[in-house]
Amino acid sequence: MAIKADVQLDVKGLTCPMPIVKTKKAMNDLTDGQILEVQATDKGSKADLAAWAESIGHLYIGIIEEDDVLLHYIRKSGDSEVVEKKFEQTITNEEVIDRASNGGFILDVREEAEFTFGHIEGAKSIPLGELEERLDELDKEQEIYVICRTGKRSDLAAQKLSQKGFTKVYNVLPGMGSWNSELSKEL
Amino acid sequence: MAISKMTAAQVARKAIENHELFILDVRNKDAFEDWKIEGHKFEYLNIPYFELLDGVEGILPKLPKDKDVLVVCAKEGSSIMVAEMISEVGRNVYYLEGGMKSWSMYLEPIKVSDLTGGGELYQFVRLGKGCLSYMVISEGEATIIDAVRFTEVFTNLAKEKNVQIKHVFDTHLHADHISGGRHIAEETGATYYLPPEDAEEVVFNYTPLEDGLTVSNGASKIEIGALYSPGHTIGSTSFIVDRKYLLTGDILFIDSIGRPDLAGLAEDWVGDLRETLYRRYRELAEDLIVLPAHFMTIDELNEDGTVAKGLGDLFAENHGLNIESEEEFCHTVTDNLPPQPNAYQQIRQVNMGKVTPNNDEQTEMEIGPNRCAVR
């Protein structure tokens, strides 16, 4: 299945170190939060791209192997800047499953690619950037638990929902980055 | 300043002759921790190449000026990039030609000893992977034991010595490296032997290697006798060569013993391993020289680069031969097993003839240390 990425980079046929040299260059042109798909054939890129992303602070979302092509997904990270979380109604990772089983639902506002590589079963995916135009998919009567990787995007999403008249909204902290229970994948 | 290449053969000489070398390994940290070029006097710095893309100035103070500096990566590309950067800022530097891939494949033939009637015994030391192969040569004939997949190294030595390869043995179905035995036999018309207990699933023809089988090599009939010694695999067989050398396969190493789990359950074969090491081998002459199919660390190499030690010495010093209680022995070899070798199940399939990967795929499968032992 196709995973949504903002920019594609073709490094097929190139061998180490070129996949990373090119990825580094391409990453400079992305804005924070955008997702880069790197199409590589060099098997060495598997471990190296993940390790490189981690060393820089980008989020290495995951890899798909299609025939002989490796598709890497990396999210340019701006998460390192500390932003104060403003939305006051919060709930912890531990509480959210119980609460959701009592009629609420989990809204995952990470990018589709991140969602695809691992999310809480039953969660609904609406990336933060699409939230405003997809509000009609949400029910004001239901409790909504908004989650992202670190609590930052979900904080913004929760604020937005609140401005739009949703009252039963909670930001889930610390978020998917610290999720220890089972995940479902859609690969 | 100059950038020069160093071959795996040159690095091997430095390791064997205990020369100094400063290795700047630019692979990622996991790869380096898992497996690196070993040498007694080698020093290391591991900085992944992708952390050096913006410049090498930061690491220059860590690079010695009074030693050769060798940049190493997986295949060579990144090491050339980093070596060029280092040379641009005014330092002499080497890179490893072919990277760890070529290091994993390099084989150094070393003569162990002369044999009866002008014969010779060679040990092929694969430093990067810790594999050891053997060749007995005398009067126009050769016998090969546990050949690795680089068949031309063996056939070249046979040509150089002007001998015909007659017998090719594998002590067992290997799980850590791809055997070259069958291919050498096909190429040269030699007989290929494999223990039948290990060969139930193989899809090619072989001659059964059974306990007590004896073949002779050359006119002076250097005797190569098989001794059934299960435990690493159910078919594992040792050889006694010229009544002087004990080729132990993956049953007994210099500083460790074989692990019983790569082809089945450790619990099933631990009894066999105990029986082989504590009874069958005990019945042999202690002045036999043990020649194993692997070494784990460079400390097991003798000064001339060979891996060999008296059986009596091993009875005295090898921890795995000195565990009195059977129960404790069981625990030792089943509880603390190291991680399994890379792709070991695939490698077994290749050695059974069930799959035939291309050369690159074979190289990929064999990356990393052999991990056939337990200490």
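**Notebook: chain A–chain B contact, then chain B**

Entry 1, the contact between chains. I looked up the contact of chain A with chain B, and it takes 13 residues from chain A and 15 residues from chain B; two residues are in contact if their C-beta atoms, placed from the backbone, lie within 7 Å. This is a predicted model, in which local features need pLDDT of at least 70 and side-chain atom pairs count only at pLDDT 80 or more, while totals for chains, interfaces and linings use all residues. Residues are numbered from 1 along each chain as its sequence is written, with chains lettered from A and ligands numbered from 1 in the order in which they are written.

Elements are DSSP runs numbered from the N terminus: helices (H or I, at least four residues) and strands (E, at least two). α2(A) supplies the largest share of that side, five residues. I sorted the side by class and got seven nonpolar, three polar and three charged residues. Ala, Val, Leu, Ile, Met, Phe, Trp, Tyr, Cys and Pro count as nonpolar, Asp, Glu, Lys and Arg as charged, and the others, Gly among them, as polar.

I noted an ipTM of 0.72 and a pTM of 0.79 for the complex, as given by the predictor.

I have domain 1 (3-103) and domain 2 (107-374) in chain B, with bounds from an automatic or database domain assignment. Their C-alpha centres lie 32 Å apart. Each domain gives ten residues to the contact between them. On the domain 1 side, α1 (8-16) and α4 (99-105) of chain B each give two or more residues. α1(B) gives the most, with three residues. I count that side by class as five nonpolar, two polar and three charged residues.

I looked up α5 (residues 151-160) and α6 (residues 181-188) of chain B, which pack at an angle of about 45°, with their axes 9 Å apart. Axes are lines fitted to C-alpha atoms, for helices over the stretch in contact, and angles run from 0 to 180 degrees between N-to-C directions. α5(B) and α6(B) are therefore oblique to each other; angles under 35 degrees count as roughly parallel, over 145 as roughly antiparallel, 65 to 115 as roughly perpendicular and the rest as oblique. I list B:Thr151, B:Phe154 and B:Thr155 of α5(B) against B:His183, B:Ile184, B:Glu187 and B:Thr188 of α6(B) as the residues that make the contact.
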